[in-house]
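Trainee: I have a structure open that I have not seen before, and I would like to learn how to read it. Could you take me through its features step by step?

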Amino acid sequence: MADLRHSPLTTPAASGTITRRAALAAPVALVATAAAAAPGPEQRVVWRDAARNRDIPVLIREPAGSEPAPAVLISHGLGGSRDGLGYLGRALAEAGFLAIHLQHVGSDDSLWRGGGDRLALAAAALDVQGAVNRLGDVLFALDHLPERADPRSLAIAGHSYGAWVVQAMLGERLPGGGRGLRLPDPRLKAGVALSPIPAQGLPPRLAYAGFVAPMLFVTGTADDGFIEGVRAVQRREPFEGGQNPAALAVLAGAVHASFADEQGAGARWADPTFHARTAGLAVAFLRGVLNGDVEGTRFLRDGAPGLLAPADELRTRSL
């Protein structure tokens, strides 16, 4: 297991864009350079799951070209929307991935738009049916992928509650059983969990025993969650408790809102400081896992040189 903490000699991408020097040092992690391909069109649609009498708002960001592309389903956090995690979706599309942002009605921005308060968010976080609905949204999406999605190269990414969706879809054992959902879903070949959620009600050795697919976990040293009561240090647990190929990045100073990119929720939730680093790690990881790009996984094993800041931490296992 590699465990790399960066020395002051490392050139960081400490703002919302990657510096030219960093881009040259880390070509597999480009997210904002002239060499990046211009993405294709964006589509806003609403998928109808008639069996569940449920709508799923979707934002699709296409890569350049028209050929089949590896696809990444993206799940927002509690109170978020399909517009959230925009920096990640754009970076993925520029890197050749089809980014499919799902909006989970009932745990989305409807909780606070129009005067909702923290109590509504807390109630939604504890709503078991709401959690099942989120997993059902992903399963529906997997059954109704856009034509350009390569069904052999599928991944899932998410932030906070969306990270829990990633973990559950890839095999985290659910307290009380899987409710007939037959998880993990073998169609998903990788996952990216931003602000991962530690297991509740089960010891780690049981909760994460089902992890098989490679996963990237990204958190911050100040990534405390006030709704769910998770402390920053606990967000390491899904990485530390699993045995699957994985990477863990801990970004110095990043808070829970640092990864969300929910423009409508205010400046704190759209702060771009950590977006380039997060997207760069995700692109390198997914290129390595989905595309078989050995440079992507080597870049992570080497500590993402030129991308991370001096105090950031990056650990890998079996990549």
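Mentor: What follows moves from the overall fold to the cores, a helix, a pocket and the charged pairs. Please keep in mind throughout that this is a predicted model.

Trainee: How many helices and strands does the protein chain have, and what percentage of its residues count as buried?

Mentor: The protein chain has 9 helices and 10 strands, and of its 319 residues 56% count as buried. Among the contacts with a separation of 6 or more, 77% are accounted for by residues 24 or more positions apart.

Trainee: Which residues have the most contacts inside the largest nonpolar core?

Mentor: The general idea is that in soluble globular proteins nonpolar side chains tend to be buried together. Here the largest nonpolar core has 43 residues, and those with the most contacts inside it are Trp47, Ile100, Ile156, Trp164 and Met169. Take isoleucine 100 as an example: leaving aside residues up to four places away in sequence, isoleucine 100 touches Trp47, Val58, Leu59, Ile60, Ala71, Val72, Leu73, Ile74, Leu145 and Pro146. There is also a second, separate core of 37 residues, which includes Ile74, Ala254, Phe274 and Leu308.

Trainee: How much space lies in the largest pocket, and which helix gives the most to its lining?

Mentor: Rolling a probe the size of a water molecule over the atoms shows where empty space is left. In this model about 1,200 Å³ of space lies in the largest pocket. The pocket is lined by 47 residues, of which Leu78, Ala125, Tyr161, Ile227 and Glu228 are the closest to its centre. The helices α3 (118–125), α4 (128–143) and α5 each supply at least two residues of that lining, and α4 gives the most, with 4 residues.

Trainee: Which residue meets aspartate 55 in a salt bridge?

Mentor: Side chains of opposite charge can pair when their charged atoms come close. The count for this structure comes to 17 salt bridges, and in one of them the side chain of aspartate 55 meets that of arginine 48 at 2.9 Å, N to O. Aspartate 55 is partly exposed, with a relative accessible area of 35%, and arginine 48 is partly exposed as well, at 43%.

Trainee: Which parts does the pair of arginine 148 and glutamate 62 tie together?

Mentor: The side chains of arginine 148 and glutamate 62 meet in a salt bridge at 3.1 Å, N to O. Arginine 148 lies in the loop between α4 and β6 (149–159), and glutamate 62 in the loop between β3 (54–61) and β4 (69–75), so the pair ties together parts that are 86 residues apart in sequence. Arginine 148 counts as buried at 11% relative accessibility, and glutamate 62 counts as buried at 13%. Elsewhere, salt bridges that share partners join Asp49, Arg52, Arg54 and Asp137 into one network.

Note on methods: Residues are numbered from 1 along each chain as its sequence is written. This is a predicted model: local features need pLDDT of at least 70, side-chain atom pairs count only at pLDDT 80 or more; totals for chains, interfaces and linings use all residues. Side-chain values use heavy atoms; hydrogens and water are left out. A nonpolar core is a set of buried Ala, Val, Leu, Ile, Met, Phe, Trp, Tyr and Cys residues joined through side-chain atoms within 4.5 Å. Buried means under 20% relative accessible area, exposed over 50%, partly exposed in between (1.4 Å probe, protein chains only). Contact means heavy atoms within 4.5 Å. On a 1 Å grid over the protein atoms alone, a cavity is a set of points where a 1.4 Å probe fits but cannot get out, and a pocket is an open set with protein on both sides within 12 Å along at least five of seven lines; lining residues have an atom within 4 Å of a point. Grid points are joined across faces, edges and corners, and a volume is the space filled by probe spheres set on the points. A salt bridge is a side-chain nitrogen of Lys or Arg within 4 Å of a carboxyl oxygen of Asp or Glu.
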